[in-house]
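Hi,

Here is the structure I promised to pass on.

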Amino acid sequence: MITTEPRIDIQPIGTSRIATTDLENLKFGRVFTDHIFTMDFVDGAWQRPVIRAYEDVAMSPATLVLHYAQTIFEGMKAYKNERGEVSLFRPQANIARMNRSAARMAMPAIPEDVFLDGLKELVKMDAAWVPDGKDAALYIRPFMYADDEYIGVKPSDGYRFAIFICPVRGYYQEPLRVKLELEYSRAFPGGTGAIKCGGNYAGGLYPSMLAQKQGFHQLLWTDAMEHKYIEESGTMNVFFIIDGVLTTPSLDGTILPGITRDSILQLARDKGMPTAERKVSVEEVLAAAKAGKLNAAFGAGTAATIAPIQAIGHAGGVIDLPEPGADSEVMKIGAMLDDIRRGRAEDKHGWMVRAS
Ligand code: COI
């Protein structure tokens with residue numbers, strides 16, 4: 001049985017680094033706030049969590065995660081509303097997904113109440129770091145890794161779970177050019193495509209690098225068996241508006257169940273827009289584009305939120321899509337999401353969880 005000592009040992013730092021940090025010119029994921037939450041799993045039990053100064057980690061060269069990638073993570077955000085209050089967006093959904101990732105990677109579940117308390121406390125302590133301005137947020141990175149000093153292949157006995165925060169602005173600076181990937185695969189049936197483990201991302205680096213050399217930002221991943229159906233785009237879920245229907249690949253075990261994905265579908269249904277979650281073939285998307293019925297395409301994820309796709313590269317050439325204007329369905333859904341996060345619209349689904 002997993003036991004926990006939930007009370008967090010809080011050790012605030014003396015002097016914040018914020019005064020010497022440029023919050024105006026942030027590069028995504030390169031700036032870190034003052035504190036980190038950590039909790040270790042030792043002898044079958046989670047130990048007392050601590051929040052203390054963000055600092056480097058020293059580890060043995062034999063630490064298990066460095067060899068066999070037994071590691072998982074989450075990406076989530078906290079936003080400042082117009083009253084200056086900072087709230088997490090759907091943290092319970094990230095917590096549940098992290099624990100599904102943990103189960104698939106033979107790692108211990110994290111007690112949900114301790115996880116949520118840790119998130120709220122950490123965000124409250126570093127709330128001054130939320131930048132001002134459109135797209136500004138705290139990007140929160142919970143992660144867990146195997147920390148046994150052992151290079152035999154087995155699930156680790158010990159783990160470290162930690163949460164740190166990056167103040168961020170936008171992720172992509174421009175509409176995306178994506179390339180259909182018909183050779184390499186991101187995920188396969190029975191694999192780990194539906195969870196957030198480090199290996200999924202490492203395996204995508206080489207094919208993405210090849211696409212970047214050809215002038216694309218990212219890949220449009222297709223299924224591993226036939227390369228016939230579209231699955232994701234880069235590190236995001238993907239949506240198409242085909243003849244007015246907001247369409248996205250159904251979650252079949254190889255696709256990450258994105259929280260932004262789910263929120264977009266919900267908001268589209270709320271506003272009466274037709275939606276479809278189903279298999280989406282490459283052929284169909286190319287045919288819709290040719291017939292002028294592909295109204296828009298975009299990626300959706302925590303880091304990027306909504307990233308319009310401007311061009312799709314395929315064997316026969318490049319399809320150019322019109323840049324979505326402010327009155328396009330894509331931008332309207334993005335604005336609905338933003339209004340909830342900034343407290344300008346009613347939070348009907350109870351998505352925002354106050355931290356400060
Ligand atoms: C996210 O959108 O949170 C992701 O997981 C993408 C990330 C790897 C930066």
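First, a bit of method: accessible areas here come from the Shrake-Rupley method with a 1.4 Å probe, and for residues only the protein chains shown count as cover. On that basis, the chain has an accessible surface of about 16000 Å², and carbon and sulfur atoms hold 52% of that.

Please keep in mind that this is a predicted model: local features need pLDDT of at least 70, side-chain atom pairs count only at pLDDT 80 or more, and totals for chains, interfaces and linings use all residues. Residues are numbered from 1 along each chain as its sequence is written, and side-chain values use heavy atoms, with hydrogens and water left out.

Now the overall picture. The chain has 7 helices and 19 strands; these are DSSP runs numbered from the N terminus, with helices (H or I) of at least four residues and strands (E) of at least two. Its C-alpha atoms fill a box of roughly 60 × 50 × 35 Å along the principal axes. The radius of gyration is 21 Å, which agrees with the value near 21 Å for a compact globule of 356 residues. That radius is taken over C-alpha atoms, and the globule rule is 2.2 Å times the number of residues to the power 0.38.

Of the 356 residues, 51% are buried (buried means under 20% relative accessible area, exposed over 50%, partly exposed in between, with a 1.4 Å probe and protein chains only). Contact means heavy atoms within 4.5 Å. Among contacts between residues at least 6 apart in sequence, 72% join residues at least 24 apart.

On charges, there are 39 positive and 45 negative side chains, with the centres of the two sets 3 Å apart. Lys and Arg count as positive, Asp and Glu as negative, while His and the chain ends are not counted. Each charge is placed at NZ of Lys, CZ of Arg, CG of Asp or CD of Glu.

How many aromatic pairs does a search of the whole structure find? It turns up 17. Rings of Phe, Tyr and Trp (its six-membered ring) pair if their centres lie within 6.5 Å; planes under 30 degrees apart count as stacked, over 60 as edge-to-face and the rest as tilted. One of the pairs is Phe28 with Tyr139, edge-to-face at 5.0 Å centre to centre and 65° between the planes. This pair links distant parts of the chain, 111 residues apart: Phe28 sits in the loop between strand E1 (9–10) and strand E2 (35–42), Tyr139 in strand E8 (residues 137–146). Phe28 is partly exposed at 28% relative accessible area, whereas Tyr139 is buried at 7%. Elsewhere, Phe37, Phe41, Trp46, Phe115, Tyr159 and Phe161 form one aromatic cluster.

- Gln266 belongs to helix H5 (residues 259–270) and is partly exposed at 24%. Leaving out residues up to four places away in sequence, Gln266 touches His349 and Trp351.
- Val245 is in strand E14 (residues 245–249) and is partly exposed at 25%. Beyond four places in sequence, Val245 contacts Phe240, Pro274, Thr275 and Ala276.

Cheers
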